[in-house]
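Dear colleague,

Please find below the structure that I am handing over to you. My findings follow it, and I would be grateful if you would read them with the coordinates open.

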Amino acid sequence: MRKILIGILLPLIINPIFTNAAEPNERPNILLIAVDDMGYSDTSPFGGEIKTPNIESIAKKGVKFTNFYTGPSCSATRSMLLSGNDNHVAGLGNMYELLSPNQKGKPGYEGHLNDRVVSISSILKESNYHTYMAGKWHLGHAPEHDPSKRGFERSFTLLQGGASHFDDEWMMYANYTPTYREDGVRTHVPKGFFSTEFYSNQIVKYINEQKDDKPFFAYLAFTAPHDPLHVPDEWLNHGKGNYNEGYNALRKKRLARMKELNIVSQETQLGTWVEGVPLWEELSPEQKKQEIRQMEIYSAVVENIDHHIGRVIDNLKSSGKYKNTIVIFISDNGANGLTMDQYPGTDKAWVERNSDNQFSNLGKRGSRIAQGPGWAQASSTPFRLFKHFLAEGGIRSPLIMSGPGVEFKDETVNSMAHVMDLAPTLIQLAEAKYPNSLNGKPVKQPRGKSMVPFLAKKSSSIYKADEALGWEYNDRKSIRIGNHKASWSDKPFGSENWQVFDLNIDPGETRDISPKKPELKEKLISAYSKFAKDVGVVALKAPSS
């Protein structure tokens with residue numbers, strides 16, 4: 001009897017943080033899908049003309065969030081997604097590639113997912129889940145920061161922010177070598193590799209290899225539609241003919257469709273056009289031809305993503321696992337407004353020397369093209385700006401959820417939610433717990449909130465009316481409380497003064513109401529200061545004496 005009691009109690013003594021887990025086959029599977037640099041309005045459930053029936057089927061089975069927020073860049077969002085904490089706490093206060101000298105070495109600016117937080121994959125693995133990942137990591141390059149060290153049982157990942165989507169492992173920009181690892185071991189992609197197809201295949205493979213009835217957590221982190229824009233040859237014509245009227249006309253069409261779908265209110269106006277980006281009528285015929293082809297290919301990339309999501313879901317259905325699987329779909333930030341020559345150390349001459357950008361080769365192996373700022377602004381409809389900015393176009397993302405615990409069916413909600421909320425939500429649905437310590441060291445508790453009561457329709461909101469959500473990125477600042485948002489941004493993208501917007505009626509951030517509401521402005525600025533202090537924001541440039 002004594003031996004039996006020791007056998008029961010010893011695991012609880014050694015690891016008391018993961019308790020109260022239900023029997024494995026009673027808990028839900030989790031499929032978390034993150035696409036890279038896709039705009040808010042690109043998919044059909046959010047008003048886009050791009051054919052995305054499989055993403056739409058997830059929405060019809062569950063719920064769409066119209067007020068869901070991410071970070072303004074890839075690694076910032078991914079650190080919050082996996083930790084449930086702010087990126088300044090989790091180690092990605094700035095992207096590794098953009099750290100300034102005074103930020104390096106500071107807490108929260110390690111450039112990788114740090115040990116002040118615990119990843120959801122680690123928590124679920126210790127709670128008797130299988131944990132799988134395929135796709136983009138972007139949370140640290142060193143072997144000790146690999147997904148295999150952060151709770152993923154199986155993984156095949158690109159460590160950096162992007163690369164060729166084909167098997168040539170071509171660098172995305174100058175002085176940049178893509179690195180792949182499988183289960184923590186340096187590897188190369190196989191012949192015939194196409195990123196979206198391969199990462200989908202890996203997730204299917206991992207799930208199908210299971211020999212027990214333990215639930216799984218599968219993180220499918222596509223590198224598409226991040227540039228360079230590539231699709232297999234048979235997909236090159238999928239978006240053809242849809243964009244001849246240009247990006248300004250596309251914004252208007254999408255906004256009208258979004259109003260029909262109740263994604264935005266009837267009063268919503270388009271965000272102010274980005275300074276420095278030419279209007280469609282200002283382009284030459286040759287420029288228009290090039291732009292049209294870029295968007296056709298971008299559209300094909302998104303359609304291809306949808307196709308492979310459908311394959312993964314079909315596999316879950318055929319294996320009998322789909323009914324007990326939570327499916328989550330997000331984009332990691334807004335559409336990317338950069339062109340290929342704007343990356344670090346890269347210019348137009350480098351792109352021309354190292355790319356086959358003949359018109360007939362666009363979208364194929366060897367080409368290097370991006371969506372560009374005009375189409376990125378259209379992808380961000382109705383918002384202003386895009387990735388790397390704290391305007392709504394940079395940080396508002398589509399969120400779709402379905403499956404066990406989601407009591408909504410084919411519904412749209414405007415309750416405010418944040419990417420930090422997903423980890424606490426999934427941990428609760430898995431009947432696990434976030435630990436107080438790891439390896440004998442205390443860890444920061446999540447700043448995100450569990451969405452479980454809201455998803456179960458037992459609560460009318462996730463955040464209270466007076467609760468704040470804050471952002472900081474390269475000295476740009478933003479805070480939201482209720483329907484009001486205050487932002488500070490550098491010129492020409494902002495006024496270099498705090499501005500206040502009522503997002504309920506003006507999600508495009510077209511009308512600064514701060515002159516008429518000075519007390520509200522001061523309240524929001526004060527809330528931002530508290531946020532910055534709480535998460536440990538370090539300015540990009542050291543303050544002058």
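For the packing described first, an axis is a line fitted to C-alpha atoms, for helices over the stretch in contact, and angles run from 0 to 180 degrees between N-to-C directions. Please note also that this is a predicted model.

On that basis, helix H14 (residues 518–535) lies across E14, E15, E16 and E17, and runs at about 115 degrees to E15. These four strands form an open sheet with antiparallel pairing, in the order E14-E15-E16-E17. Strand E14 (468–473) and strand E17 (499–502) stand at the edges with a single partner strand each, so one side of each has no neighbour in the sheet. On average, neighbouring strands of this sheet are turned by 15 degrees against each other, direction ignored. Within the sheet, strand E15 (residues 476–481) and strand E16 (residues 484–488) are joined in the antiparallel sense by five bridges, and Ile 479 is placed opposite Ala 486 in E16.

His 226 is located in the loop between strand E7 (216–221) and helix H7 (247–260). Its relative accessibility is 3%, and because buried means under 20%, His 226 counts as buried. Beyond its neighbours within four places in sequence, His 226 is in contact with residues including Asp 36, Asp 37, Cys 74, His 165 and Lys 387.

Asp 356 lies in the loop between helix H9 (348–354) and helix H10 (373–379). With a relative accessible area of 29%, Asp 356 is partly exposed. Neighbours within four places in sequence aside, Asp 356 is in contact with Trp 170, Asn 361, Gly 366 and Ser 367. Asp 356 and Gly 403 are 47 residues apart in sequence, and their C-alpha atoms are 44 Å apart in space.

With kind regards

How values were computed
Residues numbered from 1 in each chain as written. Predicted model: local features only at pLDDT ≥ 70, side-chain atom pairs only at ≥ 80, totals over all residues. Heavy atoms only, no water. Helix = DSSP H or I, 4+ residues; strand = E, 2+ residues; numbered from the N terminus. Buried < 20%, exposed > 50% of the residue type's maximum accessible area, 1.4 Å probe, protein only. Contact = heavy atoms within 4.5 Å. Pairing = 2+ DSSP bridges.
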